[in-house]
Amino acid sequence: MRKYLLGLLLVCFASCFSQKSTSVDYERRVDSLMLRIDTLIQLNNQLLEQLDIDLSLKDRYKLYPTENIYTLLELDTKTGIVKQVQWGLDSQEEGTWYINSVDLNKWDGGYGSGSFELYPTKNMYQFILIDQTDGRKWHIQWGIGDSKRWIRRIY
């Protein structure tokens with residue numbers, strides 16, 4: 001992308017200064033070149049901003065199965081927020097409950113999606129949450145009932 005923009009700038013520069021001209025023509029060409037450069041910089045910034053948005057939203061949420069066929073864990077890979085998702089044939093048995101409702105990303109704005117990952121343990125109710133950018137870890141437990149759902153930092 002940068003090579004493309006550099007090439008465009010060189011073409012604009014060459015076209016503005018390829019002919020002999022008076023100082024008035026020279027100033028017009030410089031103004032024209034500066035306007036073109038300004039436009040290219042604005043387009044480049046818009047493209048980079050859109051790319052940041054696209055990358056921060058891609059694969060942001062993941063569902064992890066548990067050994068209980070009716071229970072999944074939903075992870076926001078950008079913030080580390082984890083929810084227990086219960087589904088069933090009876091809608092009264094379905095719901096979503098927070099295990100962790102606090103944004104664990106310590107960097108302002110975060111690194112984008114994919115910073116956090118969940119790993120199951122041998123205990124079907126417990127998982128390890130890791131921040132893949134700096135290695136911080138948490139012990140997570142899901143369960144039926146508020147007192148059975150918790151998160152604890154591993155130091």
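Student: Through how many residues does a hairpin join β1 to β2?

Tutor: This is a predicted model: local features need pLDDT of at least 70, side-chain atom pairs count only at pLDDT 80 or more, and totals for chains, interfaces and linings use all residues. Residues are numbered from 1 along each chain as its sequence is written, and side-chain values use heavy atoms, leaving out hydrogens and water. Strands are DSSP runs (E, at least two residues), numbered from the N terminus. The hairpin joins β1 to β2 through five residues.

Student: In which sense do β1 and β2 pair, parallel or antiparallel?

Tutor: Two strands pair if DSSP finds at least two bridges between them. Strand β1 (residues 61-65) and strand β2 (residues 71-76) have five bridges. Their sense is antiparallel.

Student: Which residue in β2 stands opposite Pro65?

Tutor: Look across from β1 to β2. Opposite Pro65 stands Leu72.

Student: How many aromatic pairs are there?

Tutor: Rings of Phe, Tyr and Trp (its six-membered ring) pair if their centres lie within 6.5 Å. Planes under 30 degrees apart count as stacked, over 60 as edge-to-face, and the rest as tilted. By this rule, the count is three.

Student: Why does the pair of Phe116 and Trp138 count as it does?

Tutor: The ring centres lie 6.1 Å apart. The planes meet at 50°, so the pair is tilted.

Student: How many residues apart are Phe116 and Trp138?

Tutor: Phe116 sits in strand β5 (residues 116-120), and Trp138 in strand β7 (residues 137-141). The pair links distant parts of the chain, and the separation is 22 residues.

Student: Is Trp142 buried or exposed?

Tutor: Buried means under 20% relative accessible area, exposed over 50%, partly exposed in between (1.4 Å probe, protein chains only). Trp142 has 1% relative accessibility, so Trp142 counts as buried.

Key
Helix = DSSP H or I, 4+ residues; strand = E, 2+ residues; numbered from the N terminus.
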